[in-house]
Amino acid sequence: MCLAIPGQIMEMLPERPHLALVDVSGVRRSVNIMMLADEAVKTGDWVLIHVGFALAKIDEQEAKASLALLAALGQAYADELKAFEDSCIE
Amino acid sequence: MRFVDEFRDPEMARVLAREIARLADPRRHYKFMEVCGGHTHTIYKHGIEDYLPPNLTLVHGPGCPVCVIPMGRVDDAVHIAAQPEVILTSFGDMMRVPGGRGSFLDATARGADIRMVYSPLDALKVARQNPDKQVVFMAIGFETTAPSTALTVLQAAQEGVKNFSIFCNHVIILPAIKAILDSPDLRLDGFIGPGHVSTVIGCRPYEFMTRDFHKPMVIAGFEPLDILQAIYMLLRQLAAGRCEVENQYTRVVPWDGNRKALQVIHEVMELRPYFEWRGLGFISHSALKVRDTFTDFDAERRFAVPGVRVTDPKACQCGEVLKGVLKPWECKVFGTACTPETPIGTCMVSSEGACAAYYNYGRFTRTRMREVVETA
């Protein structure tokens, strides 16, 4: 029930403002966007889809930031390892 | 797939596993509860537990909205479906949940018209296409799904659809978490919070956990890296002596939640004084019902439901599994009398149930085999 998938808005439908055409891995369907009425959703935005409704916008900046954080964790270790490799204490 | 694949990177997972192992104090045993069934599913499917040190255990919580529906409510729904003019519509994972008198699937074999739908909007469409029938939607799910049901009711009202109603079994996550925290059987060190429920309710509601119960809470996404990062964040808190609500799933969860979604829930539904949860008993103000202003869309008032309380079969230990007291394989009937094909309880049936997740994904790892042998 908590399964929600990311999809990208391909087309807004002006005659039916409560819907948008969304693409999920090449499959295109209409999705109800009423829950995002307070935010400005537009073509190209990524949204989280759950039982035919867009639940939330996916913030690309935050996604990038999360991944950067994880990469930094990995980098810290790689740096440490490199420093160890380069060291010669005796 | 974007926003999915990047959060499944195995190299990153190894990095996180290493950091987790470094942070976990070898003199301590950590028990973190992941509340949401979706998390249980990911954990088993991706073998997350294999990335964790032996002194860190994940305990599965009651966040599976199908699993917590008591048998009596399934019987009520079957009773509605048995009326000749009714078409009952339901999400797929309810179809095989056993009631006192069988599941929805058993009822279809006896002639009831019960149809699987992906969305409550599909149910509304069935109502429009069958004006001579009464279409009832079996509404289940936590706050993730309740707004979708509410918006569908509002749309039905706006369109003047007269043959559509919902059998409302939406439940609220916070009372369940509080029941776990109040429970003497469990001693947990932290919680991994439900990511998608939180897109609706935000992060603020969980503050009582840190304030009153001193347990850290990290709201997590559903990909393997999300869960591993949440565990890392919990360990960081414990190591630093912090106790806070943190948001790991920042790409999707807003701190204040989705105001519009909360507003539509509030418009269409209100809290029941109490509701029975499988395994947790009666919890006050833990579930939703349709408001008086939308009586026409309330199946419970349109049809007389028996409302009988059915006790779970003696062999069924779903309650303890849902509270995290028992692991799936510790249940006496796991894998023997209770399998996905012949389920006794809901944990084995739902796509988010701990038993189903373990049965489908978790059984054959070497660490698991060792654990099973040791607890036997």
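## Overall shape of chain B

With 376 residues, chain B would have a radius of gyration near 21 Å if it were a compact globule, and its value of 21 Å agrees; the radius is taken over C-alpha atoms, and the rule is 2.2 Å times the number of residues to the power 0.38. This is a predicted model, where local features need pLDDT of at least 70, side-chain atom pairs count only at pLDDT 80 or more, and totals for chains, interfaces and linings use all residues. Residues are numbered from 1 along each chain as its sequence is written, while chains are lettered from A in the order in which they are written.

Along the principal axes, the C-alpha atoms of chain B fill a box of roughly 65 × 45 × 40 Å. Chain B has 15 helices and 13 strands (DSSP runs numbered from the N terminus: H or I of at least four residues, E of at least two).

## Inside the fold

Of the 376 residues in chain B, 53% are buried, that is, with 20 or more other C-beta atoms within 10 Å of their own, C-beta atoms being placed from the backbone. Leaving aside neighbours within four places in sequence, B:Leu228 is in contact with B:Ala13, B:Leu16, B:Ala17, B:Ile20, B:Ile48 and B:Tyr51 (contact: C-beta atoms, placed from the backbone, within 7 Å).

## Meeting chain A

Let's turn to the partner chain. Here 41 residues of chain B are in contact with 29 residues of chain A. Helix 1 of chain B gives the most to this side of chain B, with five residues.

Notes:
Buried ≥ 20, exposed ≤ 12 C-beta atoms within 10 Å, placed from the backbone. Contact = placed C-beta atoms within 7 Å.
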